[in-house]
Amino acid sequence: MMDTSEYVSLFLEEAAEQIHVLERDILLLEQSPSPEVLNEIFRAAHTLKGSSRAMGFTAMGELTHAMEDAFDALRKGEIRVSTELVNRLFEALDTLKAMRDQIAEGGSTDIACDELVRNLRNALSEAPTGEAAASPTADSQPAPSARDLQEHQLEAALTAIDNGLRVYWFTVRLAEETLMKSVRALMVLQSLDANGGAVLAAFPDEEALDNEQFDLSFDLLVATDKPEEQLRQALLQISEVREVQVQPWQHSAEQRTPSVEPVPVHTTPPILEQGEERPTQTAVSPMAETNKAGVRASASPTVSQTVRVDVARLDTLLNLVGELVIDRTRVAQLGREFEARFQRDELVDSLQETAAHIGRITDELQEHIMKARMLPIEHVFNRFPRMVRDLAQKFGKEVRLVMEGQETELDRSVIEIISDPLIHMLRNSVDHGIETPQEREAAGKPRQGTIRLSARHEENYILIEIEDDGKGMDPARLREAAVRKGLLPRDAAERLSDREALNLIFLPGFSTAKEVTEVSGRGVGMDIVRSNIQRVGGIVDVDSTPGKGTRFAIRLPLTLAIIRALLVRVAGQVYAIPLSSVLETLKIHPQTLQFVGKRPAILLRGRTLPLVSLQAHFYGSETGLLTTAQEEPMFVVVVGLGERQVGLVVSHLIGEQEIVIKSLSRHLGEISGVSGATILGDGRVALILEVADLFQNISACAA
Amino acid sequence: MSTATMTSAAERQVVAFRLANETYAIDISYIHEIIRMKEITFVPRAPHYMRGVINLRGRIVPVMDLSARLGLPTHEETSQSRIIVVEVGGESIGMIVDAVSEVLRLPEDQIEPPTQMAGTESADYISGLGKVNDQLVLLLDVEKVVGNV
């Protein structure tokens, strides 16, 4: 037997890739079995079958063989997709994953799959047969992309693209029992027109549509600058419109090149683009021949220009750069001190120049190493479509997950930490946010709920949003629940604004779910979500409209290691406030102090800004108390957390600086208001403020 | 020199230091380094016996006032004061002592259990009593001192 050990790691990588394709496509299959998806999924199963057999993993080969047969039957229109079949396919897929992981650990797998294969084959024979009229894949109509456009239509499409518009094929299917098809067709055309879509061509043409000379479906070539999904949703609102498929239009000249990338249908494109986007995955593989028809056929035969680097090595590099950043600041400071002592001396000048150069190089080095550590957030998002599907099925909900911005990059350490909170929030959305199809219909909403998960860069942080169109949260009920659970006295709860009431869900021990479900609602949820996010210097905010839906916004720093901070002095010691939470700085006279109860505040542009004396917070209530009797002006740093603002009173403002975040030893315990420490240019240690803690402190006092 | 670093099985090598007029000792295997006093950044709201943190060549190391930890009277720092940096469980922690005197070899058979100290506040943290040249040496249980933090 040949020694295959050196191929194992390549096999594993390829298997992981094919498993990912399978997972993604089985989901698509359930939503809309287009011929492209079916072909791709069949090829993925076929490739995996071939390579696992070649490597001697027979069980894996057998399982993928059964899957391949299922996809083949689907592809040929012999059977139709059913939930049962999809569940079996997912079971098989999970087993494949487990086998792959076992091989990765021990070089072999002993997971049995006989029963699975049997189940799958049974599901296959029991699957509804695909009579030509019943299956959309076996539709007698030609695929829209095969339609021949007339000269002027082609011209119009090309001009639209030149003008920055996008052109799509919309395939609209009406319900079988539709009585006045021409009216529906007219409504479709009007809806497209009203939503910013220009119809360039219709098959059959508009006259035929008008005379009801079509079966149940028709194709429209549409140019638009709006998201195609938006148009599609608008069409689905029209009654008796059963299904709308959207495919990008391609000039037939381009189409002749074998397009193996799947054409995105319904879901947002980025998730499907990774085959060509990620050069690391296109390493030349000995399995290439079995992969001839594989998804990566678009990879050019040239050796890819990337190397794999151990993550630990990147961590070390970043630590070293962190040291360098500290020393750069130190050298610059020494330069200034020398200049002050020896005035203009040739040596001093020379030192200053060198220091400036080192500074620039360090900045660049830092930037590049941070970039090297970035990963697209897709690594986290990947598993969500499957998870949401399974959850929706479990709770009897119909949920569509729309993901945007998977290509957004952030530091891998942030990626690791953000994964769990996102999972938890998505679960909550499916479980508590989205209503059952019956409830939704009764409320005049589409049966299917939508959860939108998006990521994007904004200034120097990442914004992740989770938005659902479910039942939303009622501030009054949240106040009520908080009082009932003894988290807040009634009068304090009533003083909260609606916005603040929504934030009650982040309190430990808070949960409004009427019954405890297996997935969420144990009352230990959102507080952990928030503390996880805060741990990486992020903030989470919630907004909700009863009946309309809920939106969570998470802001995360791009990196955990190096940030810009405002240095301030409190009681003779230097503290660093992350610049991401600083809104402005003020110099105020103690005479302008006001007191709300015993709490100090000032009036800032018509709004009451509560003040916190850092000296009082850190060094006990006797010292640093704010009084109007003080002579000296006070310095206030206004920091924001979501909508809320607070002014931190400090002794002096020092200035902005880049700081390297270091953690405090656990021996010091959890210190409210301090998230870590950093080393300053003069070698001294400064503590980094945790702004979120200070806000919590205020709420606690207010309560 | 080579013989000096050798420790026979029946001997324990310790670093002896002064604390509130007593001689204490720490097993040498825990000791990372001994440094002069340097500026300590106070960490508010930390346990009372934690003095703060120092910058040890780019690392942030917490520093404990050992006298306060053991419930002994504390007094002013002098030029003799030192920070002994020990490593326990992969983490470094500094301990302020009044003065470091010497490295001692304690024969195992001259170390007694700390029964006669029972009742004093620091007794919990003493693992044994040794005698060197008629001088009493209290062996500190470093894991306990650091671990219960």
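Residues are numbered from 1 along each chain as its sequence is written, and chains are lettered from A, with ligands numbered from 1, in the order in which they are written. Because the model is predicted, local features need pLDDT of at least 70 and side-chain atom pairs count only at pLDDT 80 or more, while totals for chains, interfaces and linings use all residues; side-chain values use heavy atoms, leaving out hydrogens and water.

In chain A, four strands form an open antiparallel sheet in the order β2-β3-β1-β4, where strands (E, at least two residues) and helices (H or I, at least four) are DSSP runs numbered from the N terminus, and two strands pair if DSSP finds at least two bridges between them. The edge strands, β2 and β4 of chain A, each pair on one side only, and neighbouring strands are turned by 25° against each other on average, direction ignored. Helix α6 of chain A packs on this sheet, touching β1, β2 and β3 of chain A, and its direction makes about 155° with that of β2(A); axes are lines fitted to C-alpha atoms, for helices over the stretch in contact (heavy atoms within 4.5 Å), and angles run from 0 to 180 degrees between N-to-C directions.

| Element (chain A) | Residues |
|---|---|
| β1 | 166–174 |
| β2 | 197–203 |
| β3 | 217–224 |
| β4 | 241–248 |
| α6 | 151–162 |

Strands β1 and β4 of chain A pair in the antiparallel sense over seven bridges, and A:Thr171 has A:Gln245 in β4(A) as its bridge partner.

Elsewhere, A:Ser52 belongs to helix α2 (residues 35–54) of chain A and is buried (under 20% relative accessible area, with exposed over 50% and partly exposed in between, for a 1.4 Å probe and protein chains only), its own value being 0%. A polar atom of the A:Ser52 side chain lies 2.6 Å from the backbone oxygen of A:Leu48. Apart from neighbours within four places in sequence, A:Ser52 is in contact with A:Phe11, A:Phe57, A:Met60, A:Gly61 and A:Thr64.

Conventions: Polar contact = N/O pair within 3.5 Å; in protein donor to acceptor, adjacent residues only side chain to side chain.
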